[in-house]
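The report below goes through selected residues, a pocket and the confidence of one protein model. Please keep the sequence and the coordinates at hand while reading.

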Amino acid sequence: RLHMAKAKAKSKSDLQDALAVELADGLNKKFKNTGYQTAFFLDGDTKAPSEVKGWVGSGSSMLDLAISNRKEGGFPIGRISEITGLEASGKSLLAAHALANCQKAGGLAVYIDTENAISREFLEAIGLDLNKMLYVPLETIEDIFEAIESIVLKIRESNKDRLVTIVVDSVMGASTKIEMAKEFDKDGYATSKAIILSKGMRKLTNMIGRNKICLIFTNQLRTRLGVAFGDPYTTSGGKAIPFHASVRLRLKSVGQIKVKKDGVDQAIGIKTRCQVVKNRMGPPLKTIDYDIYFESGIDNYGGWLNVMKQFKLVGTAGAWYTFTRTDGTEIKFLSKDFEKKLEEVDGLKDEIYAQICDSYILKYKPGEDIGIDDVEIDEQFVSEES
């Protein structure tokens, strides 16, 4: 017992490697002029600069789960995210929802527009306060990086704890100073954008990580010619953003939402599929479906219903759905009344969300091996070399 008591009474330094402690002290003294602790141990409550400082909601609770693999997640603060997709797939809308949620959390929303395509009415419809949103129309990648750097430096001086979400919409629409100085012939187009992006991302990544800034790029997909197998798409600007981004989303429009009005079918929205193609916050390659309505944006609770059906948390009988609560009572509803039912029944929203999280969130099992028979390989992601 005395031996056990002495073992428990060991100090923190006794548990650390003596050589590692000596190296940490030496590195901190050597790089003391940086203003940041250079070397430390990730034990107890110690946090690394790279750890996520919070989350900004995407407008879809289920997409937030897919990105963060935890409750109340979203786009990571202190990291870089990229939203990709073909035209009219909802990239700008998803980024605008993030700006609106940033404002709701008391943060500052910054919209850097390179496409000259902002819609005041639509931004207000999804909840953005335009009187408090900073709108920055810029044309070149160089100016965009200078603007972001200026914002970061200003935050360091004034209020480090203020949340800021910066959206660059889009990388595809941004030019370079070299391109702007050239004519419209072939000589005016080169690889300057990729080179500048590569330099800029190396400079920005650590600056963003040390501050409460959520940086989101939107980018359009391009078709890679001559690709017979594998992914036929790539993005504008080279590989810098895909490499530095902690989260990459790919959006795809999978259908229209139509209603009959005066005997005529009218499109009122689109069905969107979002895949998390890269993720350092949780498991990648998760897919979420949600609806976008032209008059109001993302249908959040419709996405809940899709996941509930996927994990069989709700029963179906024709157009009716049945959810069984933990006390055994059954709640019946139609899809159009789902949101209303969540508000009317006390505690129902929290209970359903908790069940969705229990089913959807991946529980990591460190130290356990996965048998080869348990692995299912998707040939779409397997190249000839692998």
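## R248 in strand β9

In this predicted model, R248 belongs to strand β9, which covers residues 247-261. Is this residue buried or exposed? With a relative accessible area of 15%, R248 falls under the 20% cut-off and is therefore buried.

Once the neighbours within four places in sequence are set aside, the residues in contact with R248 are E82, T84, T235, P242, Q275, V276, V277 and K278.

## S81 in strand β3

S81 is placed in strand β3, which is made up of residues 80-85. Its relative accessible area is 0%, and S81 is therefore counted as buried, the cut-off being 20%. Apart from neighbours within four places in sequence, S81 is in contact with F75, P76, L215, I216, F217 and V247.

## The second largest pocket

The volume of the second largest pocket is about 640 Å³. Its lining consists of 32 residues, and those closest to the centre of the pocket are G59, S60, S61, N300 and Y301. Two or more lining residues are given by each of the elements β1 (55-56), α4 (61-68), α5 (91-104), β12 (297-299), α11 (300-310) and α13 (348-360).

Which element gives the largest share of this lining? That element is α5, from which 4 residues come. Sorted by class, the residues lining the second largest pocket are 11 nonpolar, 11 polar and 10 charged.

## Helix α4 and the residue after it

Helix α4 is mostly covered, with 8 of its 8 residues buried. The buried residues in this helix are S61, M62, L63, D64, L65, A66, I67 and S68. S61 is also listed among the residues closest to the centre of the second largest pocket, and α4 is one of the elements that give two or more residues to the lining of that pocket. The helix is followed by N69, whose phi is positive, with a value near 60 degrees.

## T287 in strand β11

T287 is located in strand β11, which covers residues 287-293. At 33% relative accessibility, T287 lies between the cut-offs of 20% and 50% and so counts as partly exposed. When neighbours within four places in sequence are left aside, T287 is in contact with R273, C274, Q275 and Y360; Q275 is also one of the residues in contact with R248.

How far apart are T287 and A66 in space, from C-alpha to C-alpha? The two C-alpha atoms are 7.4 Å apart, although 221 residues separate T287 from A66 in sequence.

The peptide bond from D169 to S170 is cis, with an omega near 10 degrees. S170 is situated in the loop between β6 (164-169) and α8 (177-181).

A positive phi, near 55 degrees, is found at N116, a residue other than glycine, and N116 sits in the loop between β4 (108-113) and α6 (120-125). With 72% relative accessibility, N116 is over the cut-off of 50% and therefore counts as exposed. For K312, also a residue other than glycine, phi is positive and near 55 degrees, and the residue is found in the loop between α11 and β13 (315-317). Because its relative accessibility of 71% is over 50%, K312 counts as exposed.

## The chain as a whole and its confidence

The chain holds 13 helices and 15 strands, and 41% of its 386 residues are buried. Among the contacts in the chain with a separation of 6 or more, 65% are between residues 24 or more positions apart.

The average pLDDT of the chain is 88, and 87% of the residues score at least 70. Over residues 1-10, however, pLDDT stays under 50, and the model has 1 contact beyond four places in sequence for this stretch. Residues 381-386 also stay under 50 in pLDDT, and for them the model has 3 contacts beyond four places in sequence. Where pLDDT is low, the predicted coordinates should not be read in detail.

Conventions
Residues numbered from 1 in each chain as written. Predicted model: local features only at pLDDT ≥ 70, side-chain atom pairs only at ≥ 80, totals over all residues. Heavy atoms only, no water. Buried < 20%, exposed > 50% of the residue type's maximum accessible area, 1.4 Å probe, protein only. Contact = heavy atoms within 4.5 Å. 1 Å grid on protein atoms, 1.4 Å probe; cavity = no way out; pocket = protein on both sides within 12 Å on 5 of 7 lines; lining within 4 Å. Points joined across faces, edges and corners; volume = space filled by probe spheres on them. Nonpolar A, V, L, I, M, F, W, Y, C, P; charged D, E, K, R; others polar. pLDDT = per-residue confidence, 0-100.
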